[in-house]
Amino acid sequence: MPDQAQWTQVVEQAVRAPSIHNTQPWTFIASGDRLEVRRDTSRALPAVDPTGRQQVLSCGVAVQFAVMALRASGFTTELDLLPEPADPEHLATVRVVGQAEPSASDVRLAAAIHSRHTDRAPFLAEPLPAGLVDQLQAEAGQDGVWLKPITRVEEEAAVAVLLDQGEQQELRDPAYLAELQAWTRADLDAPDGVPVAALPREGRATNAPVRDFAGGGGPHDAPATPADDDPPPPVEHPSVVLLGTAADDRAAWVRAGTALGRLLLSITDAGLAASPLTQALDQGWVRNRLTARLDLVGHPQMMLRLGRPSGTQVTTARRPVAEVLHVA
Ligand SMILES: Cc1cc2nc3c(=O)[nH]c(=O)nc-3n(C[C@H](O)[C@H](O)[C@H](O)COP(=O)(O)O)c2cc1C
């Protein structure tokens, strides 16, 4: 079974998971052969994530990264979801059940944990590699999660409209703006929150706009007024996919997170990157509209832009492991 140093290494990798507003809403308890993953409600985001769904999903990614880290270290695992019904913040327990030589793919996917970053810059204008979407669908299916590429023109238009409607309504909410400001950081070394350095410098022409972290105005969101003879901006056309689940309970949210974690490692390993577009999923009304407009069977959990990075990526900081891991 893993010793204290190994559990520390596993959690160092788990905390590289993406999380909404980089809140890192998790704590870990390692004891013997098991690692408990809990949501830390003191880091909640009541305006953007009123039900806690996106934070539970973020913790699900951390669970997946822990599993991948253990596998690459030669351990086999089993996962218990929501093992204590009376304690809903205890989201999962990863149990080490044996040892096995890691496969080449286990090693590559675990290596991708540290090279994965949310990339909000325009992606290169090229389609996804042939067969990738089928592969991602099959992998997500193993966690009971479906993946729908948004490819039809009517679907792209509906998504663009709903992203805009969702975000415009949020930008009119003072509580949303205050929360956004509280979690945006000027300093790249700040241990949590979204650093300005990781945000796009200027607006761009796209059907998949990333979240406006400047709250409707600010230095990283205000392109200079173009002159009459400036060329039009290049149009970005990234691939967009939606992940969803049949149920919409906490178990489904954790599973959406484990599937997302797996997907992010697969695409990173393939030299690609992603950025979430959750403005159309934050609030119930817009999420319901998305479900109806796209005729979804089940519940959308995560929308992502995918593509090949066009530049260098920014590494966001994490809180020290000692702050989030308790070894019993
Ligand atoms: C559930 C969830 C929702 C997110 N929503 C957005 C979003 O709407 N817009 C965005 O630009 N980034 C979004 N992110 C990305 C986080 O801001 C990012 O993971 C965090 O800042 C840490 O950076 P990193 O992913 O590069 O490590 C989301 C991440 C998660 C897990």
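Me: How many cavities of 30 Å³ or more are there?
Reply: Two cavities reach 30 Å³ or more. Bear in mind that the model is predicted.

Me: How much space is in the largest cavity?
Reply: The largest cavity holds about 540 Å³. Its lining is made up of 36 residues, and those closest to the centre are Pro18, Ser19, Thr118, Arg120 and Pro276.

Me: And where does the ligand sit?
Reply: The ligand is in the largest cavity.

Me: Which residues are closest to the ligand?
Reply: Arg116, Thr118, Arg120, Thr278 and Arg318 are the closest, out of 19 residues that surround the ligand.

Me: What's the shell like, in terms of nonpolar, polar and charged?
Reply: Six residues of the shell are nonpolar, nine are polar and four are charged.

Me: How far is the side chain of Arg211 from a ligand oxygen?
Reply: The distance is 3.0 Å, from an N or O atom in the Arg211 side chain to an oxygen atom of the ligand.

Me: Ser19 as well: backbone or side chain?
Reply: Backbone. A polar backbone atom of Ser19 lies 3.4 Å from an oxygen atom of the ligand.

Me: How much of the ligand does the protein bury?
Reply: The protein buries 99% of the 620 Å² that the ligand exposes when taken alone.

Me: Domains, then. Why does the ligand count as lying between domain 1 and domain 2?
Reply: Because both domains give residues to the shell around the ligand. Domain 1 covers 4-116 + 316-327, and domain 2 covers 132-307.

Definitions and conventions. Residues numbered from 1 in each chain as written. Predicted model: local features only at pLDDT ≥ 70, side-chain atom pairs only at ≥ 80, totals over all residues. Heavy atoms only, no water. Near = heavy atom within 4 Å. Polar contact = N/O pair within 3.5 Å; in protein donor to acceptor, adjacent residues only side chain to side chain. Areas by Shrake-Rupley, 256 points an atom, 1.4 Å probe, with all protein chains shown as cover. 1 Å grid on protein atoms, 1.4 Å probe; cavity = no way out; pocket = protein on both sides within 12 Å on 5 of 7 lines; lining within 4 Å. Sits in = over half its atoms within 2 Å of the grid points. Nonpolar A, V, L, I, M, F, W, Y, C, P; charged D, E, K, R; others polar. Domains from an automatic or database assignment. Points joined across faces, edges and corners; volume = space filled by probe spheres on them.
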